[in-house]
Amino acid sequence: TKWVYTFGDGAAEGRAGDRNLLGGKGANLAEMCSLGLPVPPGFTITTEACNFYYANGNGHPEELAGQVKAALAEVGRIAGRRFGDPEKLLLVSVRSGGRASMPGMMDTVLNLGLNDVTVEALARDSGDARFAYDSYRRFIQMYSDVVLGLDHELFEEILEEEKARLGYELDTEFSAGQWQEVIALYKDRVEEELGKPFPQDPDEQLWGAIGAVFSSWMNARAITYRRLHDIPESWGTAVNVQAMVFGNMGETSATGVAFTRNPSTGEKALYGEFLVNAQGEDVVAGIRTPQNITEKARIAAGSDRPSLQKLMPEAFASFVDICERLERHYRDMQDLEFTIERGKLWMLQTRSGKRTAKAALKMAADMANEGLISRDEAVLRIDPASLDQLLHPTIDPKAERNVIGTGLPASPGAATGEIVFSSHEAEEARKAGRKVILVRVETSPEDIHGMHAAEGILTTRGGMTSHAAVVARGMGKPCVSGAGSLRVDYRAGTLVAMGHTLKGGDVVTIDGGTGQVLKGAVAMLQPELSGDFAAIMEWADKARRMKVRTNAETPADARMARSFGAEGIGLCRTEHMFFDGDRIVAMREMILAEDEKGRRAALAKLLPMQRSDFVELFEIMAGLPVTIRLLDPPLHEFLPKTEKEFEEVAAVLNVPADKLRHRTEALHEFNPMLGHRGCRLAVSYPEIAEMQTRAIFEAAVEAGRKTGSPVVPEIMVPLVGLKKELDYVKARIDAVAKSVIEEAGVSVDYLTGTMIELPRAAIRAHVIAETAEFFSFGTNDLTQTTFGISRDDAAPFLETYRQKGIIDQDPFVSIDVDGVGELVAMAAEKGRSTRPGIKLGICGEHGGDPASIRFCEKVGLDYVSCSPFRVPIARLAAAQAAV
Ligand code: ADP
Ligand code: MG
Ligand code: MG
């Protein structure tokens, strides 16, 4: 088996398409090499070797050692050096890299191959002893951390003490001799901790690092990240071993990261940061505050520190050139890592860059307009779920801003919350239902869970590419990073800002769009859905086949959904209309009435209210289809609970409160979700369905007159299991419809249909379709009844199931394609066999879930219906499913 793929010198054994085998980093390094870009030579050990490692008790395949040795020799040949040879010293980096990029999740070791002897050679060779010892101390620290499992704090402590002793502020101030002293202290510390000296043998170092990369695939951070991003464990990571180039060789050397377009706004402008005389992750780690790459960005940031463009014009020019080439080649915005060694540019990584939802839209729209990609591709470029971010509020420009500090606008959107200083507190507060802003000096991968729990993130150190910034953008959370004027004191639990001392629990607002930190809560604005958003949505609407409707019963929701592009109402839950003000009293009166006469009297009060609701909905939907579901929940949900409520109803009904209490107890059910609800109510109390039908038709007549466009109501009977249930209710509906139409003297077209939400209904769909003119799949109840689990109670054990690998995801969030989905597919087919062209839709949570929407497209449903805020997501997901 071939376990090792080499790259270098304008050629490579792998390509960009080999991401599964070589990981994203390795595949793209190979691709860049083949494009003839300046990439230090190296080789990639495949993800299959990682899988072998775990399948064989952390062992390597037999052939691996030989293949690594050969590849290392090849790298040396290209570089004109030899690993472990002090005469012609070759140093390497050992880098992880899975199929999906997992930023900061796994660790890189730089300068590998250094030891007490070779460091002298490096000093001699480079003519720069400071550089050589700086590299060695970095190596000891990284290797000890990543491979030997010693906390990097151990070394930070030593370094901080030395800095304090020497009165230095920056690492770059150390001289060669001073680094040698630090190295001696580092080595002592290693020996103290481990009882043996720091490994001197380069081969031992190399294999230690390779093993550590494989092991890091199973570290807690990586496992958490994979869980949050649905990355399967079976993918494994590759290992990249690459000849070192040095950004820490003095003032003509540098290291940096860049994006070919602005990842925050999407603007088509090279965007990035670098540090002179620095190595590896210095930029990302926020150790020093980095400088801007372009003059334009420097000026925009108001920085007085020179840009790369100014400082190293030649390296800058070739970098710009490479950025353009890579963007054209990959046809997407690239996220790049580079190093300049004594004026010469080296590319160390490229990948499609993460971006905010806003930037994604702008880039996709721009690239389509530039002709770089097609419109369908532009539609596919947007993660539907990310649109959520755009629906986030921003600070009202008219609101007063009590600014107490400013950092970098690291991730857009605004958020308000109580200050917490640790991820643990953030999580606890979230559980208690409180909104918090996570305030840290800087964040690390250990903070992911806290960042998830927080409304927004504020750090006092680090740039636009710091951990906090990158992760927050990925999560769509507002983030302000590097707010250097603020001081966090973890021990005292305070945030000091321009004379204000804030404590944990004090409220702040952060504005991820400007980088401002504000005291207190501030008025927010809903976002504008025009521009790029509108353009992409228009392209999506052209591409999709399924209609997108909304679940709405209030005029406010219906209007909002229309503004988000809903093409009708797929589910109007009439029961929600009965909770307001006087209505609930009339409703209770109806439920607790002794006989039909009493019920009819109460229903007569509800009729005009219900009618006016429908008129308004019909008007808002202006001729678009509106599906109205007859009363569905068990009646006891409406019953009085408090003393006052009982007395209120008792007074209206003119009966003693005690008697009402009796009736209420009689309505108690042990298992109400499987109880007297849905069409069962309409069978027991047909007068309820009749009142609702009358309200619907009278409203249709009225709204039709007012708007001039005829209303075609779709009346939906819930929880049908037997055709005869539907027949019974439909007869009532038809009778009422007939009489309203006769009274009004205008004809109203309408459809009567049913929810398919019981397995029996799915199984008997061909028979039910004899009566039903449409089906709407109520997949919430269908999931409950198919699995036999209650969605109100299942969350805790479903989570256990997920952790134990019994289910992949919550079937209430994403449709269970194999089980529930099979029933849906079957019912759709059976329905069509009886009534070709029967209208088919889905309502319930799944109608707004992209994966479920893909399934709906496959089954050929006519529409999906979801909550108003998910309408744009559904439009996009439906388009992606169709192209
Ligand atoms: P991550 O996946 O965390 O970004 P990388 O493997 O990309 O880790 O390494 C992080 C950084 O280390 C790179 O951005 C680069 O600056 C530095 N680095 C890695 N390999 C080399 C190398 N061969 N020469 C110089 N710097 C390197
Ligand atoms: Mg890293
Ligand atoms: Mg990297």
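Student: In what sense do strand β28 (residues 569-573) and β29 pair, and over how many bridges?

Tutor: Some ground rules come before the answer. This is a predicted model, in which local features need pLDDT of at least 70, side-chain atom pairs count only at pLDDT 80 or more, and totals for chains, interfaces and linings use all residues. Residues are numbered from 1 along each chain as its sequence is written, while chains are lettered from A and ligands numbered from 1 in the order in which they are written. Helices (H or I, at least four residues) and strands (E, at least two) are DSSP runs, numbered from the N terminus. Two strands pair if DSSP finds at least two bridges between them. Here β28 and β29 pair in the parallel sense over 3 bridges, and I569 stands opposite V626 in β29.

Student: Which strand pairs with β29 over 4 bridges?

Tutor: That is strand β30 (residues 713-717), paired with β29 in the parallel sense. V626 stands opposite P713 in β30.

Student: Which way do the residues of β29 point?

Tutor: In a regular strand the side chains alternate between the two faces of the sheet. In β29 (residues 626-629), V626 and I628 point one way, T627 and R629 the other way, and all are buried. A residue is buried if 20 or more other C-beta atoms lie within 10 Å of its own, exposed if 12 or fewer, and partly exposed in between, with C-beta atoms placed from the backbone.

Student: What is the closed barrel made of?

Tutor: The barrel has 8 strands, in the order β27-β28-β29-β30-β31-β32-β33-β34, with parallel pairing. Neighbouring strands of this sheet are turned by 25 degrees against each other on average, direction ignored. Helix α35 (residues 871-882) packs on the sheet, touching β27 and β34 (863-866), and its direction makes about 155 degrees with that of β27. Axes are lines fitted to C-alpha atoms, for helices over the stretch in contact, and angles run from 0 to 180 degrees between N-to-C directions. As for the β27 and β28 pair, 2 bridges join the parallel strands β27 (residues 547-551) and β28, and N551 has L571 as its bridge partner in β28.

Student: What does an open sheet look like in comparison, and which strands stand at its edges?

Tutor: An open sheet of 3 strands has the order β21-β22-β23, with antiparallel pairing. β21 (487-489) and β23 (500-503) stand at the edges with a single partner strand each, so one side of each is left without a neighbour in the sheet. Strand β22 (residues 494-497) pairs with β23 over 4 bridges in the antiparallel sense, and A497 stands opposite H500.

Student: How should I read the site annotations, and which residues does "binding site" cover?

Tutor: UniProt positions are given in the numbering used here, feature names are shortened, and annotations may be inferred rather than shown by experiment. The UniProt annotation "binding site", from an unreviewed entry, covers E757 and D781. They span 25 residues in sequence, yet no two of their C-alpha atoms are more than 5.4 Å apart, so they gather at one spot. E757 lies in the loop between β31 (751-756) and α29 (759-763) and is buried, with 27 other C-beta atoms within 10 Å. D781 lies in helix α31 (residues 779-787) and counts as buried, with 22 C-beta neighbours inside 10 Å. Two residues are in contact if their C-beta atoms, placed from the backbone, lie within 7 Å. Leaving out residues up to four places away in sequence, E757 touches L719, G778, D781, L782 and T785.

Student: Where does UniProt place the feature "active site"?

Tutor: The unreviewed entry places this feature at H467 and C843. They span 377 residues in sequence, and the farthest two C-alpha atoms are 39.2 Å apart, so they do not all gather at one spot. H467 is in helix α19 (residues 467-475), and C843 is in strand β33 (residues 839-843). C843 is buried, with 28 other C-beta atoms within 10 Å.

Student: How many residues are in the largest nonpolar core?

Tutor: In soluble globular proteins, nonpolar side chains tend to be buried together. A nonpolar core is a set of buried Ala, Val, Leu, Ile, Met, Phe, Trp, Tyr and Cys residues joined through C-beta atoms within 7 Å. The largest one here has 265 residues, and V517 and F618 are among those with the most contacts inside it.
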